[in-house]
Every structure is written in C-alpha cells, then in structure tokens.
Amino acid sequence: MKKRSLAALCCASLVAVQVQAASRIDVVKQYADTVLDKAADHYHGDTPSPLLADGVDPRTGQQLEWVFPDGRHAVLSNFSAQQNFMRVLVGLTQLTGDQRYAERAQTLVRYYFDHYQDKSGLLFWGGHRFVDLKTLQPEGPSEKELVHELKNAYPFYSLMFQVDKPATVRFIHAFWNAHVYDWKALETSRHGEYGKAMGKLWRNDFTQQPPFFATKGLSFLNAGNDLIYSASLLAKYNHEPEALTWALRLAQQYVLPRDKQTGLGVYQFTQALKRAETTDDSDTHSKYGDRAQRQFGPEFGPDALEGNMLLKGRTSTLYSENALMQLQLAADLGAEGDTLKTWTVDGLKAFAKYAYDARDNTFRPMLANGTDLSGYTLPRDGYYGKKGTVLTPYPAGSEFLLSYARAYAIAPDPELWAVARGIALARGLGDIGVVSGKAKLDLNTRNREPYAIFALIDLWRATQDKQYLAVAEKVADNIIAHNLHHGFFMNSPDMQYASIDSIDPYAILALEAARQNKPDAVAPFINGAGFTEGAYRMPDGSARVSTRDDELLRLKVGEQLQPNGKK
C-alpha cells in the first residue's frame, strides 16, 4: 500500500508540474492576445493597419502618446521597440502550432516594409523616428533632425528575411551606407541620413587607423553593435562574405584600443574632434573635444578618454548587450565566428578580473587602464555628472549573470563560471558550486528577474543538470504572480502604462522551449531593445529635452515627468 501511495503521489506531482507548465504557455498566449487587442490600431474603422502602440494603460486601454513641444500628440508606434514581442509571437506559434501569432508578426513586417521604407532603404523607426498610430504618418522630434538611429535594438532579422528578403537586404545596405561617414577610416556615427544615395558600400577601401583617432562622428558601441549584427546576418542570409568582412572589421575597432595591460575596454574607438573652445564645464557638446578628457584629464592624464570610461551603463553595453550579441553571432556563423567568440570571452574575463568584487557582488567604476574610481568625487561638472558626484561600485545584476553563463556554455572556463557563481548566489538563486561540482540551488527563490531565467537555461545547457530548469520554473512562477497585471507584464500594478516589448513573457516562453527540448523554437535572447528619445512637452508648456520613452513607461498612475529629469 505504501509503495502504491508513493507512486500515486509521484504521479500526482508530475501531473501538477505538467499542468503548471501548460498554464505558463496559456499565460503567454493570453498576454499576446491582450496586446494584439489593446495595442491595435483602433483609429481606422474597418481597414485598420496591423501596427501596434508601444504602450497601453491596462486599466483604460489608453495608448501611450508622445507630446511634441508644439503641443501635437502622436500615439507612439515604433517598430524597433517591438522586436522582442515579434519574437514572442513567432515563438508561440513554434511551441503551440497556432499559426495566428506568427502570421500577425509576418503581416506587420510586410506592412512596415511596404509603407515605411524610404527610397534609400532605411526604415522609419529607431531612436528618433516612429509612426503616429492615429495618422499612420512617420513622425519624430524635429530637434533631432529626423535622423535614423539604432542602439542595441537588434531587429528580428531572421523574420524580416523570411518575409521580404530583398527589402531586408536593402535596409541593411542603407543602414551601413548612412552610418559610415568615412569608409577608409571606418568613421561611424549613431545618426544616419535618410534618402542618401547608395555609395560603393563593401567595395570601399580601408586603412587601419590608430586607436582613438579624432572624428566628428561618435563611435558609440551601442550604435556599432547594430551595424555589426546586421552585416553579419546579411552575410549569413544573403551570402555576402564582404558584409562579414566589414562586420568583423568594425568589431575589431573596439578590440584594438583595449588597454594592453588589462585587456579592458572600449566603449568608443575614436575620440571627439575638438572644433570649438569653451570654459563652461556644464556644456558637454562633443564639439569641445573628448568629454572624459575634459572632466577627468587634469587628474588622470591622457588615458582618461570616453572610450576608456567603464562606468555603470557603459559596461552593460560592453559586457551584456555586445557580449550576448557577439556570442550569438559566433554560434550562428560557426567557424567564421570564432574570432568574435575569442574577443568576447577575453573581454568578459578581463572585466571579471579587474572590476568584479565577489564579496559584495559589485563592479568597480574604472578606467580601462585598471584605475579604480570607487569613491572618487568629481571635481568639476561634466558629461559624467555634476561637481561633487561620488562614483560608487554598482550591483552585478542578472543581465551580467546571463553574459557569464552564456559565455561559459559556449566556451567553458572556470573564470567565467566563478563570476556566474557569485552573481547567482547574490541574486537569490542558490549556489551553483564549483565547476563540475554539486549545485545547491534555491528551489524556493524569490527572484523574479527574466534575465535569471535565460541564465539558468544556459547553465542547464552547460551542465545538463535539471535543477537549473526547476529553479527557472520557480522564477517564472514568481514573475507571473508578481508582474502580471490586467493581462500585461509590469513591475508594479500601479504603473501608468505597460510596454508591449516586455521580456517577461519572452523568458517564460524560452523556458518552455527548453523544457520541451525545442531549443530553436524561440529566438535566442540577446538583450536588444529599441527606444524613442527627443523633446517632450511638459504640462506647463515647457520642453523637456532628451526625454526617453522608458521614462514615460516608468511613471506610476498620477505621476508626471519633472523638468529636472526626476519622476
């Protein structure tokens, strides 16, 4: 009797797990259905477009609007800020067999190419362009000169190539054509001109320049990332080896200036060309020269350059967004991606060696030469903060756990594992132990971070220990219990708007793909996200410069943006 009772209990437990897993997929389906309903085009009667609003008030259905300084309102529909949701839709179809979701994603891509691709091939999307869902017309903040910009957006190119390969090829060609200002020196900029005539592209000559040569364009890594990603996938899907040559060439520009002793850096491979003089430290325009040199140079010398500043935010671009993207390209490209893998792993190991403090799970603010800036008080105003600001270590979050877990899964190394161990323990996931040792994971974790799910999936792939999936299931259930409100995923129930590009459902879906042993059913997560940024009209009629959509999406019910940038 006892044996039969135990067997019955085990069977009941298994059924409960299966029911719970099925309910997770149902939650994601219901979320997708809610988004496709509430964020849809409700402005054009019987012939609505397939476009979606970026954000929705889940209580009233009101869609997020951008208010221009002149008082005009536009319902924000920026397709570059919806790419994770496209991945969710396609993943749902792959896991459930319900074709409606992938078909809707395909329809949206096709519509965007048909209506919002300019004569040069660029799309009306990105940091400074979007579509007003009410009028279906391209919009953008005029003070940004209506330029094209992608920063760590990582569009869902495999879907785009599937839907319209010629249009996708045209876009990537136009993207590089608009954002490379000088091919011979590989001078790039985050801003690209619409309507630009096509140049020689991959047939241009190239001459390697010394690290940190001065240019007008700012070679931010968050902009370079999207160029590297797009050209690499163009090579894969359109068999253009020259595109991969230039992608690797650009990726190498961020490797060559790394500090020769530490291997750290860099966020930029150029420095701003000084074109004017000023004595006003608060004016941080790049025309006055390298902004780090202006603010830190008198104390730290010639190594104090923008590219060498390893501060919070910039290190996320270097060791999260860039690392995940390049590791994924290494997997996609096979042997041709080995160089990217080596560069990325070497960078992560250097960052671990010099910046990570396992005692309190923090990263030190640093210069790439190894100078620890912890506790440093800024002696003057500048690009990196006001005079008197104290630089402090910052927590190593689950986005970094994901980078080190994925790097270890692709290129096993105990140094990578050690950082993953420290972060996992600090994020409440338990102790993953030493390499090849016994893990003591916390199956009752309170963690509800989607990055943790992606990281746990990678650790499972690296070890085949199903404990990692069990903890990931607990994290997923925590997310559903705490973040699902009115059919949307939000960090708090009192948020004014919900973003349709939340990665919560993406992580839950990736977990179910892992559980079903269908690793290709859900697109790999590489921490991409689009955004909108520009001047925004305040209630008193003033213009709030450099407002970002994520600031609007963080507002709670009844809150307003404040002129000083605080909520």
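Predicted model: local features only at pLDDT ≥ 70, side-chain atom pairs only at ≥ 80, totals over all residues.

**Stop one: a four-stranded sheet**

Start with the open sheet, whose four strands run in the order E2-E3-E4-E5 with antiparallel pairing. Color its edge strands, E2 (65-67) and E5 (137-139), each of which pairs on one side only.

Which residue of E3 is the bridge partner of Glu 65? Select Val 75 and you have it.

**Stop two: H6 against H7**

Next, select helix H6 (residues 221-238) together with helix H7 (residues 241-253). Their axes come within 8 Å and cross at roughly 155°. Since angles over 145 degrees count as roughly antiparallel, that makes H6 roughly antiparallel to H7. The crossing of H6 past H7 is left-handed.

Turn on side chains for the contact:

- From H6, show Gly 224, Leu 227, Ile 228, Ala 231, Ser 232, Leu 234 and Ala 235.
- From H7, show Ala 243, Leu 244, Ala 247, Leu 250 and Ala 251, which those H6 residues meet.

Color by residue type and the contact of H6 with H7 divides into 10 nonpolar residues, two polar and no charged.

**Stop three: a cis peptide bond**

Move on to the loop between H7 and strand E9 (270-272), where you'll find Val 266. What kind of peptide bond joins Gly 265 and Val 266? A cis one, with omega at about -10°. For context, most peptide bonds are trans.

**Stop four: H10 across H12**

Select helix H10 (residues 338-355) and helix H12 (residues 414-426) next. Here the axes come within 10 Å and cross at roughly 55°, which makes H10 oblique to H12. This crossing is left-handed.

For the contact, pick Val 345, Leu 348, Lys 349 and Ala 352 in H10, then Glu 415, Leu 416 and Val 419 in H12. The residues of this contact of H10 with H12 split into five nonpolar, no polar and two charged.

**Stop five: a positive phi in a loop**

Jump to the loop between helix H13 (450-463) and helix H14 (467-483), and click on Gln 464. Check its backbone: Gln 464 has a positive phi of about 60° although it is not a glycine. Most residues other than glycine have a negative phi. Is Gln 464 buried or exposed? Its relative accessibility is 54%, so Gln 464 counts as exposed, the cut-off being over 50%.

**Last stop: the E20-E21 hairpin**

Finish with strand E20 (residues 533-537), which pairs with E21 in the antiparallel sense over four bridges. Find Gly 534, then step across to its bridge partner in E21, Thr 547. The hairpin of E20 and E21 has five residues between the strands, and in this hairpin Gly 541 takes a positive phi near 95°.

Now stay in strand E21 (residues 543-548) and select Ser 546. Ser 546 is not a glycine, yet it has a positive phi of about 60°. With a relative accessibility of 39%, Ser 546 counts as partly exposed.

Technical notes
Residues numbered from 1 in each chain as written. Heavy atoms only, no water. Pairing = 2+ DSSP bridges. Helix = DSSP H or I, 4+ residues; strand = E, 2+ residues; numbered from the N terminus. Axes fitted to C-alpha atoms, helices over the stretch in contact; angles between N-to-C directions. Parallel < 35°, antiparallel > 145°, perpendicular 65-115°, else oblique. Left-handed = near helix turned anticlockwise from the far one by under 90°. Contact = heavy atoms within 4.5 Å. Nonpolar A, V, L, I, M, F, W, Y, C, P; charged D, E, K, R; others polar. Buried < 20%, exposed > 50% of the residue type's maximum accessible area, 1.4 Å probe, protein only.
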